Protein chains: 2
Amino acid sequence: MSSRTEIASLGEFGLIDHLTRNNETHHASTVLSIGDDAAVLDHFGKQIVVTTDLLIEGVHFDMMYTPLRHLGYKSVVVNLSDVCAMNATPAQVTLSVGISNRFSVEALEEFYEGVYAACEKYNVDLVGGDTSTSDKGFIISVTAIGEVAPDRFVKRDGAKKGDLVCVSGNLGSAYLGLLLMEREKKIFLESPAVQPDLESQKYILQRLLKPEARKDIIDFLEEKEIIPTSMIDVSDGLSSDMLHICRRSCVGCVLYEEKIPVAEEARQFAFKLSLDPTACALSGGEDYELLFTIKQEDYDKIVLNEQISVIGYITDVDEGEHIITRSGNKHAITAQGWNAFK
Amino acid sequence: MSSRTEIASLGEFGLIDHLTRNNETHHASTVLSIGDDAAVLDHFGKQIVVTTDLLIEGVHFDMMYTPLRHLGYKSVVVNLSDVCAMNATPAQVTLSVGISNRFSVEALEEFYEGVYAACEKYNVDLVGGDTSTSDKGFIISVTAIGEVAPDRFVKRDGAKKGDLVCVSGNLGSAYLGLLLMEREKKIFLESPAVQPDLESQKYILQRLLKPEARKDIIDFLEEKEIIPTSMIDVSDGLSSDMLHICRRSCVGCVLYEEKIPVAEEARQFAFKLSLDPTACALSGGEDYELLFTIKQEDYDKIVLNEQISVIGYITDVDEGEHIITRSGNKHAITAQGWNAFK
């Protein structure tokens with residue numbers, strides 16, 4: 001080859017865009033292809049969604065502080081979250097693992113316990129997979145399949161001017177949990193005798209190690225007969241995922257700092273580290289909450305749900321993407337999300 | 001943990017069986033779960049099959065002699081082969097890759113060229129995936145989805161006494177291609193100046209590096225209105241895959257050495273290495289031919305198809321699994337297939 005372009009120069013999303021820029025689909029059953037939380041397939045007139053994720057030790061998780069049971073649980077949940085982000089109901093998963101000989105059968109059993117626990121909680125079936133040896137590290141690939149009523153799936157590209165921007169639960173906790181674990185790991189490596197006191201930080205740790213997919217929100221939206229105009233799950237941080245919606249939908253947005261939900265435990269720990277909790281919500285990833293837009297007329301239907309916060313509204317594309325701080329200043333939102341290739 | 005069981009002590013199939021022994025499925029749409037070439041899902045009364053494979057550098061392929069374009073092609077094809085082995089038609093694939101920084105964007109483009117070439121050849125759509133960094137090595141995970149007419153899927157467990165055992169194409173070539181590449185790699189590492197002459201071995205190399213899924217056989221069977229009683233794709237070697245059918249179907253079998261199809265190029269190269277070509281067919285993997293059983297009355301429909309060989313018949317389970325050699329001796333068939341954990 002005559003030229004060499006470094007992968008890091010494109011970034012994760014740039015790389016996918018680049019490699020799939022000429023991808024054409026021909027199959028009658030392909031309704032929606034690459035570029036959203038999941039693909040939508042129409043087999044014989046009925047629709048399913050499919051999504052897949054690859055988790056690699058040392059990149060996506062650190063075995064030093066990730067219990068295997070939690071890892072199994074999370075591997076399934078992050079895929080179910082993508083299914084939910086399409087407004088679909090998870091139904092099946094397949095699981096492939098690559099493992100080195102340093103793992104015992106008992107260790108793998110623990111991992112599978114977590115997988116089964118997630119399957120049971122979300123009423124999905126583990127229907128297939130592949131088990132392979134790996135020279136180094138633990139590799140996990142999960143594919144999830146969900147069902148959606150025909151043409152009720154929700155993409156990232158439907159937000160319209162005036163729509164309300166909503167987010168479920170709270171943001172930033174998983175990132176703060178990660179900072180906590182990185183700190184404790186460092187202390188442990190320097191002074192193995194020191195016992196960490198993690199009890200008071202249980203909440204942010206759980207958000208990191210055992211996230212949940214917001215199927216309850218999907219069920220609530222269905223019950224209230226709300227179809228969001230756009231939706232994504234917050235895996236890369238609020239700013240990055242909000243920008244995905246804006247760019248796909250060709251719109252701008254205004255968010256209000258004071259409306260962004262942050263858990264009290266996360267706020268306290270952020271202050272301890274002299275970090276801005278809002279910055280953690282904007283740039284931290286892995287919260288797996290749902291970020292979605294709804295029409296203004298649907299506001300009354302969601303206002304009483306404490307699990308949903310309205311954090312801003314959609315504007316014309318010319319107005320750009322901004323956040324209004326507590327002090328009333330206006331800042332441009334920039335993608336500070338997780339870049340796997342940095 | 002109080003005890004440690006080495007993964008190698010269970011082997012690949014033993015490990016999967018062990019980890020999934022308590023797996024129960026609850027979803028109404030799960031028709032067939034773990035244990036066959038693919039799962040079968042019934043969404044709203046229509047059926048699809050799903051299968052997934054994980055390919056890891058150094059375990060499943062050697063970058064030293066695997067062109068990236070071929071690797072992309074093969075990664076897709078091995079999954080389509082599993083879809084075909086269910087008597088289904090491939091429709092979509094998802095692709096996740098984990099790559100280290102030693103790969104350039106151009107290298108990854110080559111890989112994707114192969115992926116797209118396979119998609120085009122088999123008329124399937126690439127609909128999703130995930131791209132991630134990897135500390136070490138190239139990791140590929142593909143999931144394929146196919147369509148099957150309701151209840152026309154073919155499992156491994158339906159072979160009945162008296163059924164004919166059939167195989168498509170020929171066997172053993174991919175394994176001999178692998179031996180050739182391993183030999184050339186050794187020569188190259190010892191004397192980098194020596195140029196290999198691989199021209200005369202083109203066929204077996206192609207069988208290793210660029211296998212095909214036998215969708216043509218699935219189409220032929222449909223045209224002739226034959227539904228095999230059982231089917232599997234030959235990925236682990238004829239003996240191992242034949243034993244899968246026998247054990248699942250609770251039957252025995254008799255195969256005839258002289259009927260097992262081996263390509264002339266493969267036979268010649270086996271002789272060069274002082275290997276028995278039949279042993280290569282029995283124990284070598286990765287041919288991705290279809291091994292299936294049909295009722296005797298369907299014999300007339302397949303006899304003129306040169307791509308299908310009848311290699312034996314199904315017996316009572318008490319009679320075990322045997323092969324009759326050219327010299328008339330009878331040997332038990334043992335699983336000599338590829339074990340990823342050895």
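**Exercise 1. By what turn and what shift along the axis can chain A be laid on chain B, and with what RMSD?**

Solution. Let us start with the ground rules. This is a predicted model, in which local features need pLDDT of at least 70 and side-chain atom pairs count only at pLDDT 80 or more, while totals for chains, interfaces and linings use all residues. Residues are numbered from 1 along each chain as its sequence is written, and chains are lettered from A in the order in which they are written.

Step 1: superpose the copies by least squares on the C-alpha atoms of residues with pLDDT of at least 70 in both.
Step 2: read off a turn of 180 degrees and a shift of 0.0 Å along the axis, with an RMSD of 0.0 Å.
Step 3: the two copies are therefore related as by a two-fold rotation axis.
Step 4: the same surface serves both copies, as 100% of the contact residues of chain A recur in chain B.

**Exercise 2. Describe the side of chain A that touches chain B.**

Solution. Step 1: count the residues in contact (C-beta atoms, placed from the backbone, within 7 Å); 72 residues of chain A meet 72 of chain B.
Step 1: divide those of chain A into 30 nonpolar (Ala, Val, Leu, Ile, Met, Phe, Trp, Tyr, Cys, Pro), 12 charged (Asp, Glu, Lys, Arg) and 30 polar (the others, Gly among them).

**Exercise 3. Judge the predictor's confidence.**

Step 1: over residues 337-342 of chain A, the pLDDT is below 50.
Step 2: for the complex, the predictor gives an ipTM of 0.86 and a pTM of 0.89.

Key
Two residues are in contact if their C-beta atoms, placed from the backbone, lie within 7 Å. pLDDT is the predictor's confidence in each residue, from 0 to 100.
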